[in-house]
Amino acid sequence: MLGRKFRYNRDVWWKTLFKELGLKRMDPKWIHYLTLQYWKVYAANSPPFRDAEPAVRRLKRAGYKLGMVSDSDGTPGMKRKRIRQVPFHNLFEAIVVAGEDTPRVKPGHESFSLIANKLRVQSRSSIYVGDNPRTDIEGAKAVGMISVIVHRRGNQRGIPDHRIPNLRTLPGLVRSIQRIR
């Protein structure tokens with residue numbers, strides 16, 4: 001499903017799965033209910049990485065403007081709802097849900113430009129931190145942002161400007177980038 005047009009839409013995932021299983025005529029309302037239950041269970045069992053909150057708090061205390069760009073879950077409003085469940089979501093001054101706030105999901109460049117605009121910063125003076133080389137490098141670089149990839153889940157592909165082992169090292173990297181510029 002990752003290479004297809006509807007890669008994030010779980011309703012389409014379930015329909016595809018049921019069709020493969022020979023169950024061709026499933027009630028769309030039931031399928032959507034299944035999607036909502038999926039996201040409920042997913043959110044309850046997918047807490048933020050342990051190093052995320054301390055890094056975000058350190059950057060915020062240091063006076064940096066913080067924004068978040070995340071891809072849509074394929075169910076309008078669901079990603080924003082899940083973000084609001086993160087205890088430190090209020091530390092972000094702006095949040096963009098790519099594919100809902102913009103016409104395309106990442107790596108489409110629109111979401112990267114939009115977050116810079118919402119934060120009232122220049123893209124070229126911004127650092128974008130992600131954990132998926134397939135979606136996080138190209139769009140950030142397309143608008144002139146410095147790209148940083150956090151090494152998680154074997155994500156060694158792509159050529160980011162920087163690669164860090166975890167978010168604990170991010171505040172130091174940001175300070176060193178700031179000194180260079």
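This is a predicted model: local features need pLDDT of at least 70, side-chain atom pairs count only at pLDDT 80 or more; totals for chains, interfaces and linings use all residues.
Local features are described where pLDDT is at least 70 and side-chain atom pairs where pLDDT is 80 or more, while totals for chains, interfaces and linings use all residues. Residues are numbered from 1 along each chain as its sequence is written, and side-chain values use heavy atoms, with hydrogens and water left out.

Helices (H or I, at least four residues) and strands (E, at least two) are DSSP runs, numbered from the N terminus. Strands β1 and β2 pair in the parallel sense over 5 bridges, pairing being defined as at least two bridges found by DSSP between two strands. Within β2, Val 96 stands opposite Val 69.

Strand β2 is covered on both faces: Ala 94, Val 96 and Ala 98 on one side, and Ile 95 and Val 97 on the other, are all buried. Buried means under 20% relative accessible area, exposed means over 50%, and partly exposed lies in between (1.4 Å probe, protein chains only). Because 5 of the 5 residues of β2 are buried, the strand is largely enclosed by the rest of the structure.

The loop between β1 (67-71) and α4 contains Ser 72, which is buried at 7% relative accessibility. Leaving aside neighbours within four places in sequence, Ser 72 is in contact (heavy atoms within 4.5 Å) with several residues, including Tyr 8, Val 97, Ala 98 and Val 105. The side chains of Ser 72 and Glu 100 are also joined by a polar contact of 2.8 Å. A polar contact is a pair of N or O atoms within 3.5 Å; within protein, one must be able to donate a hydrogen and the other to accept it, and residues adjacent in sequence count only if both atoms are side-chain atoms.

The discussion now turns to charged side chains. The structure holds 8 salt bridges, each being a side-chain nitrogen of Lys or Arg within 4 Å of a carboxyl oxygen of Asp or Glu. One of them joins Asp 101 and Arg 80, with the closest N and O atoms 2.5 Å apart. Asp 101 lies in the loop between β2 (94-98) and α5 (110-119) and Arg 80 in helix α4 (residues 78-84), so this pair ties together parts that are 21 residues apart in sequence. Asp 101 is partly exposed at 32%, and Arg 80 is likewise partly exposed at 25%.

Another salt bridge links Arg 57 with Glu 53, the closest N and O atoms being 2.9 Å apart. These two residues are 4 residues apart in helix α3 (residues 52-61), and therefore separated by about one helical turn. Arg 57 is partly exposed at 32%, as is Glu 53 at 27%. The side chains of Arg 104 and Glu 110 meet in a further salt bridge at 3.0 Å, N to O.

Finally, Arg 120 is placed in the loop between α5 and β3 (127-130) and is exposed, at 73% relative accessibility. Arg 120 and Lys 24 are 96 residues apart in sequence and 49 Å apart in space, C-alpha to C-alpha.
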